[in-house]
Amino acid sequence: EYKDNAKKIREALDNAGVTCNQTYSPFSLKTGDERLIRFEPNYGNIVKALEFSAILGAKQMICYAIQTGNQEEFITINKRLYRALIPHCEKNNIKVAICSGFPKYINSSVMQTPWKTEEEFIEFVESFNSPYITACANIGTIEGMGCPAEDFVKKIGTPLLSSIHFQDTEKYHDVHLPPYFKQFNWEQIVKNLQEIGYEGEFTFECPNFMRRYPKELLPAIAELFADIGNYVVGLGNNT
């Protein structure tokens, strides 16, 4: 049934002239069972999600580090999961983009990652040696690694980097605000992306911002996001 549902949604998207560029993995994987065998339910969910996403026409699905409760095998268990997904990515012609992290302001988040630094994150993604496993840089959470966002995207480079999540955040809350609520150096970020020849996705993560307003204002907010997006992308051409 899930494939039939995906086909119906794809038809509606096509009729509306809307493109689905990427999707998100099932949220339940954040508490994935550390056994991670082929018949473990959460593993099955993410495979179904890959198939669903491919039918929608998505180029990639964003995934996060699963929480295992076993710190000694944290990296090993996560690598086992993502490595097992590669054949499904190949079959459905869709990538998995591993997100750089959760919000970890003052390292207080209960959601952890197997990597602590940008170097460890890059090493983790590169270890699969597959064009189907790429990196997603979440601008709003990068400061948890202690690396400026503009340096972070440049260090990852292309073709490893395939997705950018543009969002600003408050210090203690993952509130998903549009750019310019914090002091990220957007001009330098975009120039560095231009320098590495970035051709991936730019995605606003601002649902909480939009929920504050009546639905009648959503078209105007969508137009505002489009204007902000076009402006930010154009910063790389400024002298």
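Modeller: A pocket, on a 1 Å grid over the protein atoms alone, is an open set of points where a 1.4 Å probe fits, with protein on both sides within 12 Å along at least five of seven lines; lining residues have an atom within 4 Å of a point. This is a predicted model, in which local features need pLDDT of at least 70 and side-chain atom pairs pLDDT 80 or more, while totals for chains, interfaces and linings use all residues. Residues are numbered from 1 along each chain, and side-chain values use heavy atoms, without hydrogens and water.

Colleague: Which residues line the second largest pocket?

Modeller: The lining consists of Lys59, Gln60, Lys95, Thr158, Pro159, Leu161, Ser162, Gly197, Tyr198, Glu199, Gly200 and Glu201.

Colleague: Now the rings: how many aromatic pairs are there?

Modeller: The whole structure holds twelve aromatic pairs, that is, rings of Phe, Tyr and Trp (its six-membered ring) with centres within 6.5 Å; planes under 30 degrees apart are stacked, over 60 edge-to-face and the rest tilted. One of them, Tyr82 with Phe128, is edge-to-face, at 6.2 Å centre to centre and 80 degrees between the planes.

Colleague: Are those two residues buried or exposed?

Modeller: Both Tyr82 and Phe128 are buried, meaning under 20% relative accessible area (1.4 Å probe, protein chains only).

Colleague: And how are Trp115 and Phe124 paired?

Modeller: Their pair is tilted, at 5.0 Å and 50 degrees. Trp115 is buried because its relative accessible area is 2%, and Phe124 counts as buried because its value is 3%.

Colleague: Which residues do ring pairs link into a cluster?

Modeller: The cluster comprises Tyr82, Trp115, Phe121, Phe124, Phe128 and Phe152.

Notes
Buried < 20%, exposed > 50% of the residue type's maximum accessible area, 1.4 Å probe, protein only.
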